[in-house]
2 protein chains.
Amino acid sequence: MADKKKKQKRRRRDPSSDDEAVLPFKDILRPDSELLETLKQLVEAHNAVSDSASASTSSSKPLTLSDLNLSATCREVADLSLSSVQSAIETLILQVAHSIVSGNGFSFQVPSRASTNQLYVPELDRIVLKDKSTQRPFAHVSSVRKSTITVKILSLIHQLCLKSIHVTKRDLFYTDVKLFQDQTQSDTVLDDVACMLGCTRSSLNVIASEKGVVVGRLIFSDNGDMIDCTKMGMGGKAIPPNIDRVGDMQSDALFILLVEKDAAYIRLAEDRFYNRFPCIIVTAKGQPDVATRLFLRKMKTELKLPVLALVDSDPYGLKILSVYGCGSKNMSYDSANLTTPDIKWLGIRPSDLDKYKIPEQCRLPMTEQDIKTGKDLLEEDFVKKNPGWVEELNLMVKTKQKAEIQALSTFGFQYLSEVYLPLKLQQKDWL
Amino acid sequence: MADKKKKQKRRRRDPSSDDEAVLPFKDILRPDSELLETLKQLVEAHNAVSDSASASTSSSKPLTLSDLNLSATCREVADLSLSSVQSAIETLILQVAHSIVSGNGFSFQVPSRASTNQLYVPELDRIVLKDKSTQRPFAHVSSVRKSTITVKILSLIHQLCLKSIHVTKRDLFYTDVKLFQDQTQSDTVLDDVACMLGCTRSSLNVIASEKGVVVGRLIFSDNGDMIDCTKMGMGGKAIPPNIDRVGDMQSDALFILLVEKDAAYIRLAEDRFYNRFPCIIVTAKGQPDVATRLFLRKMKTELKLPVLALVDSDPYGLKILSVYGCGSKNMSYDSANLTTPDIKWLGIRPSDLDKYKIPEQCRLPMTEQDIKTGKDLLEEDFVKKNPGWVEELNLMVKTKQKAEIQALSTFGFQYLSEVYLPLKLQQKDWL
């Protein structure tokens with residue numbers, strides 16, 4: 001017994017235990033009731049901004065390309081119903097047939113998705129596609145394969161419309177392996193087809209595999225089943241691959257906590273962080289997938305909640321933030337539906353490393369590639385428009401240090417949920 | 001209208017549509033009621049085998065190493081409670097202290113986990129660890145780092161026991177980056193520590209990130225929340241990372257369908273295959289992770305259901321089957337808790353390619369590496385003990401052809417759920 005006591009005492013001096021004297025900032029944490037007030041103000045401020053934004057455009061709708069007089073020079077897609085997709089395909093094929101019969105040959109007009117045809121629109125805070133497009137004639141050696149693949153993809157999508165089922169990109173590929181040769185070819189043309197038809201890829205009923213999970217103060221319906229995400233244990237609910245069967249979102253949360261990685265998600269789920277601070281916790285376990293991006297956008301739009309992001313303090317973390325926020329270049333044609341504007345960078349920010357006294361051994365030196373990526377990001381419009389982000393990124397590139405969310409484990413495994421995040425909320429420390 | 005009709009008629013001739021005349025075997029499918037009878041017989045036969053197996057050992061427990069007189073020469077770990085793990089660590093450290101005080105120095109005795117120290121035991125149908133172990137002295141230049149890491153990991157696990165929380169391997173690594181240098185070093189010692197303490201890695205409260213999902217006729221509790229997997233929409237329920245908080249499993253399913261990949265899982269979840277044939281559908285989305293393996297084992301053990309596996313027809317698919325069935329070499333010390341014996345290979349089997357008339361363009365040539373892996377598998381005990389598997393694998397290596405589950409999409413996207421799987425069940429076509 002005496003032995004045990006001595007051991008526990010010794011444990012207290014271990015810097016990785018949660019002794020209050022050692023843990024940075026634990027002593028300045030205010031009671032939860034005060035923090036909840038802070039959060040309520042956050043939601044009110046968030047809604048006031050949304051309201052004034054909509055008031056300034058004299059409508060409750062968000063800004064569109066046509067509001068900015070860009071609809072003639074930029075291209076955007078919309079969510080279409082299955083029957084509209086079906087009609088669009090039939091119309092397109094009739095046009096092609098007409099062209100053949102009139103002696104003008106067989107060709108598709110395909111919007112260019114190259115980066116030279118992309119534009120960051122500050123007013124919309126996302127990347128959009130400009131209006132350049134190229135011909136894809138069947139009777140040309142350089143495009144005969146691609147136009148054949150285009151026909152095949154159109155015919156497969158047409159089938160999906162008739163049957164009203166969802167398939168994966170891999171399923172599409174396997175309907176004709178010899179033609180597609182490898183999956184990148186059918187995937188690329190699939191994005192072409194969405195652009196050509198002017199609809200989102202989800203409208204085509206082609207889904208990517210699901211990766212994301214969600215837990216916390218959210219109730220929603222998945223394919224007709226009502227899901228209560230406060231009752232999903234530690235594992236959480238897998239985010240459905242098809243957003244069109246997700247609906248009826250209800251929540252009493254005050255914010256959405258977007259987490260980059262699984263490990264931090266597990267910590268917060270086990271500690272039921274959402275019971276202490278009403279929130280919805282969501283992660284795509286790394287690089288954001290389309291299903292998680294659509295799900296996040298839907299939550300933010302329908303529930304009108306602010307989104308706070310917890311990512312690693314490295315260029316890659318910021319890049320992930322940017323994909324959620326302004327879209328990936330690869331799918332810029334669909335940025336309106338895939339992006340969640342106004343995500344706040346909560347942490348781990350480069351300035352947190354010193355502020356929270358993260359020990360040197362938990363920081364990692366940035367590689368040459370990291371530093372280059374960081375400098376490239378400084379040139380990106382979506383970073384430049386946020387002076388706070390520029391400052392943080394400059395600090396990262398200057399100190400050449402990075403750190404993962406897990407670096408906080410050095411102060412004890414629960415420092416993240418018990419000190420770091422509550423203090424961030426208390427100090428409204430987001431950018 | 002006439003146009004539309006003509007187009008639909010044309011569609012019928014498309015081999016990728018589900019015209020009955022074209023679809024192999026659709027015409028011989030019997031009514032579902034007959035198939036359900038087949039499945040009930042399967043469960044009865046499965047339980048009869050389990051009963052006779054337990055009768056022959058005069059107990060309801062499965063065979064153990066000591067039943068086979070192997071406990072002196074083989075090593076196995078058990079699920080231990082947190083307080084037992086805590087005591088085991090304290091005992092171990094006291095032994096070390098005693099050794100130091102008596103002038104014998106500071107050293108750990110670490111079980112070897114090398115493949116030369118592994119043994120396939122046919123009676124148990126899994127890989128176990130033999131009893132060789134090595135010294136890890138502190139006062140030796142080759143092991144000073146590793147013994148220091150061992151102390152650190154033991155101290156961290158001791159903390160987890162006191163706090164009763166779960167952390168990821170990544171969290172562990174980040175408590176002392178400078179010491180561990182890279183995560184493989186802390187991961188390796190973590191497995192050493194589990195072996196040394198004679199407990200499973202889950203007993204240490206260290207969890208891997210979750211990958212698996214489950215849907216279908218299963219109700220279970222996750223961290224106190226009751227989950228009904230028939231009401232999880234298309235996304236399904238994420239399998240919890242910590243099996244010790246999973247319990248109260250109930251089911252009216254007749255079998256467990258273990259699916260290798262996400263795409264097939266999505267198809268079956270959308271079609272609610274489990275409503276037509278009462279089953280539980282589970283996938284780890286590729287290489288099986290520890291959480292999914294533990295979950296599968298728990299389902300099979302508690303619900304006493306047969307497990308039918310749907311994997312790609314390639315050596316990798318069979319390897320995945322073997323990891324679920326007999327364990328991975330890396331974690332052979334814990335094979336008793338991680339493996340699910342008696343998994344039936346439902347498909348896609350090499351003989352299915354011809355039987356189901358999978359077109360040539362949907363088969364892929366095996367690479368040199370594939371063929372080598374296939375031949376290596378033929379030498380493995382867990383393959384050799386099943387003559388049916390040997391025959392299939394020989395066919396694969398001979399024809400040098402492989403195919404993914406998705407290859408069935410060539411007959412229409414729903415061929416898998418509407419023809420292939422029902423026919424497999426009707427014909428009891430598993431090995």
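Reader: What makes up the accessible surface of chain A?

Author: In this predicted model, the surface comes to about 17400 Å², and 53% of that belongs to carbon and sulfur atoms. Areas come from the Shrake-Rupley method with a 1.4 Å probe; for residues, only the protein chains shown count as cover. Local features need pLDDT of at least 70, and residues are numbered from 1 along each chain.

Reader: How do you know that the radius of gyration of chain A agrees with a compact globule?

Author: The rule is 2.2 Å times the number of residues to the power 0.38, taken over C-alpha atoms. For 431 residues a compact globule would have a value near 22 Å; chain A has 25 Å, which agrees. Its C-alpha trace spans about 95 × 50 × 50 Å along the principal axes.

Reader: What makes a residue of chain A count as buried, and what percentage do?

Author: Buried means under 20% relative accessible area; exposed is over 50%, and partly exposed lies in between (1.4 Å probe, protein chains only). In chain A, 57% of the 431 residues count as buried.

Reader: Why is α11 of chain B called a helix, and how do you know that its span is close to the expected one?

Author: A helix is a DSSP run of H or I with at least four residues. Helix α11(B), residues 315-326, has 12. The expected span is 1.5 Å times one less than the number of residues. That gives 16 Å, and α11(B) reaches 16 Å from its first C-alpha to its last.

Reader: What makes α11(B) mostly covered?

Author: Of its 12 residues, 10 are buried, including B:Leu318, B:Ile320 and B:Tyr324. B:Gly327 follows the helix, with a positive phi near 95°.

Note on methods
Chains are lettered from A and ligands numbered from 1 in the order in which they are written. This is a predicted model: local features need pLDDT of at least 70, side-chain atom pairs count only at pLDDT 80 or more; totals for chains, interfaces and linings use all residues. Side-chain values use heavy atoms; hydrogens and water are left out. Helices (H or I, at least four residues) and strands (E, at least two) are DSSP runs, numbered from the N terminus.
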